[in-house]
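Welcome, and thanks for taking a look at this protein with us. Please keep the picture beside you as you read the notes below.

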Amino acid sequence: MMLGCLLTGMLLMACKSYDESEDKTTSPVLNIYVYAPGRALPTRSGVMATPAENEVKELQIWVYKNTGGQPIGYMKLSGGKLNNLNNSQSEIYSLELTEDLSTSTPINVYVLANVTSGNSGVGDYGSSISKSNLEDAYIDANYYAPADKGKLTSDGIPMSGVLRDQTVTGQNSALHVKDARLDLVRAVSKIRFVFSKSSETAQDVYIDKVTLDADKLYEKEYLFLNGSAYHVGDVKLSGESELLKDIGNIKSIQDPTQYAYNSQNLNAYEQLISSGIKKGDLTADSVYIGESDQPLSGKIEYHVGTSDSRMTANFTMEHSSFPRNNTWIVYAYYGTTMLEVNTVQVKDWSNGGSEDHPVHNW
């Protein structure tokens, strides 16, 4: 890792080099290894995200003592200071600590990326936030359920990562978290809704609305995981959540079933769908959804031709829960009489780290 850091060139201006020959009165520095969720390993069967889904636009790092929660370090970076992280998907950040830290003192490290009032409905989590308040930080469900909010904004996708009860190692004032590094994880999942109809159907088919059923999502999704694949509040959203609307007339092809999932490799299926969209065979739109401890289900409302009568097709995620940082494809095609729905979980979004690392990432 250190060799990789040297090869990438000079560290960010926020990072400080350290010479062990320096006087020990130098302020203590904690080196934190941060990995962005953008680079897939050759052995990883993850789905490659788009550049916009990968980009880290703002990064915040907090360090607290695990016992008592005393803050001992904070850093905030944006713009060009994140170029190394976005280009090479990893970076070492050297954080000045406010006091000397014993190697026997356990610490907590929290990292947020792209978490703003514009994409998460939260205020500014600044340097003065307490450890307990940071643990309670959450995304408002209004930002990842309704049709007008479940989209990518200019602020990017919110991401988080945490290391709790960690010991440090090192000499003099140069410390690092022992045997651990921090992987950023996207805090939402993506559902790609894809549609087509058979060219044998003379009438046009219009998708009017896509909704999630009631009591599936929660009012709060906490930013930091706590040992599970999801971390949600206690209050569910009682009404339906509108995900997409007015998609309009869907594409017509000779054989819509060619894009239905038939047990092939999941990467191959994702590539098949992407190819179909690029060729103009398929109508598609994506939405980003908060996590849940149960499978999601919903409805696709549509009408045929000039009829005012709306018909409904149901979809269900065939998984016991809906964790963050996953991608799904819901493919619905109209043959001659009705809309058929095919729902597939297309693995995790790819990450920049090792699969056997204990820190959760996708």
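This is a predicted model: local features need pLDDT of at least 70, side-chain atom pairs count only at pLDDT 80 or more; totals for chains, interfaces and linings use all residues.

Residues are numbered from 1 along each chain as its sequence is written, and side-chain values use heavy atoms, with hydrogens and water left out.

**The largest cavity**

- The largest cavity has a volume of about 80 Å³, where a volume is the space filled by probe spheres set on the grid points, which are joined across faces, edges and corners.
- Its lining is made up of I139, D140, A141, Y144, L217, Y218, K220, E221, G290 and E291; lining residues have an atom within 4 Å of a point.
- By class, that lining has 5 nonpolar, 1 polar and 4 charged residues. Ala, Val, Leu, Ile, Met, Phe, Trp, Tyr, Cys and Pro count as nonpolar, Asp, Glu, Lys and Arg as charged, and the others, Gly among them, as polar.
- Strands β6 (138–140) and β14 (220–222) each supply at least two residues of the lining of the largest cavity.
- One of the lining residues is K220, which lies in strand β14.
- K220 is partly exposed, because its relative accessible area is 34%; buried means under 20%, exposed over 50% and partly exposed in between, with a 1.4 Å probe and protein chains only.
- Leaving aside neighbours within four places in sequence, K220 is in contact with Y138, I139, V232 and G233, contact meaning heavy atoms within 4.5 Å.
- The C-alpha atoms of K220 and A137 are 9.2 Å apart, although 83 residues separate the two along the chain.

**The chain as a whole**

- The protein chain has 6 helices and 21 strands. Helices (H or I, at least four residues) and strands (E, at least two) are DSSP runs, numbered from the N terminus.
- Of its 362 residues, 53% count as buried.
- The protein chain exposes about 16100 Å², with carbon and sulfur atoms supplying 45% of it; accessible areas come from the Shrake-Rupley method with a 1.4 Å probe, and for residues only the protein chains shown count as cover.
- Among contacts between residues at least 6 apart in sequence, 76% join residues at least 24 apart.

**Polar contacts in the strands**

- K65 is placed in strand β2 (residues 58–65), and its side chain makes a polar contact of 2.9 Å with the side chain of E99. A polar contact is a pair of N or O atoms within 3.5 Å; within protein, one must be able to donate a hydrogen and the other to accept it, and residues adjacent in sequence count only if both atoms are side-chain atoms.
- Not counting residues up to four places away in sequence, K65 touches Q70, I72, E99, T105, P106, I107 and K131.
- N108 sits in strand β5 (residues 107–113) and counts as buried because its relative accessibility is 1%.
- The side chains of N108 and Y110 are joined by a polar contact of 3.0 Å.
- Beyond four places in sequence, the contacts of N108 include W62, V63 and Y64.
- K197, in strand β12 (residues 189–198), is buried because its relative accessibility is 4%.
- The side chain of K197 reaches the backbone oxygen of Q203 at 3.5 Å.

**Positive phi values in two loops**

- Most residues other than glycine have a negative phi.
- D215 has a positive phi near 60 degrees and is found in the loop between β13 (205–212) and β14.
- D215 counts as partly exposed because its relative accessibility is 38%.
- S263 has a positive phi near 75 degrees and lies in the loop between β16 (252–253) and α6 (266–279).
- Is S263 buried or exposed? S263 is exposed, because its relative accessible area is 65%.

Notes
On a 1 Å grid over the protein atoms alone, a cavity is a set of points where a 1.4 Å probe fits but cannot get out, and a pocket is an open set with protein on both sides within 12 Å along at least five of seven lines; lining residues have an atom within 4 Å of a point.
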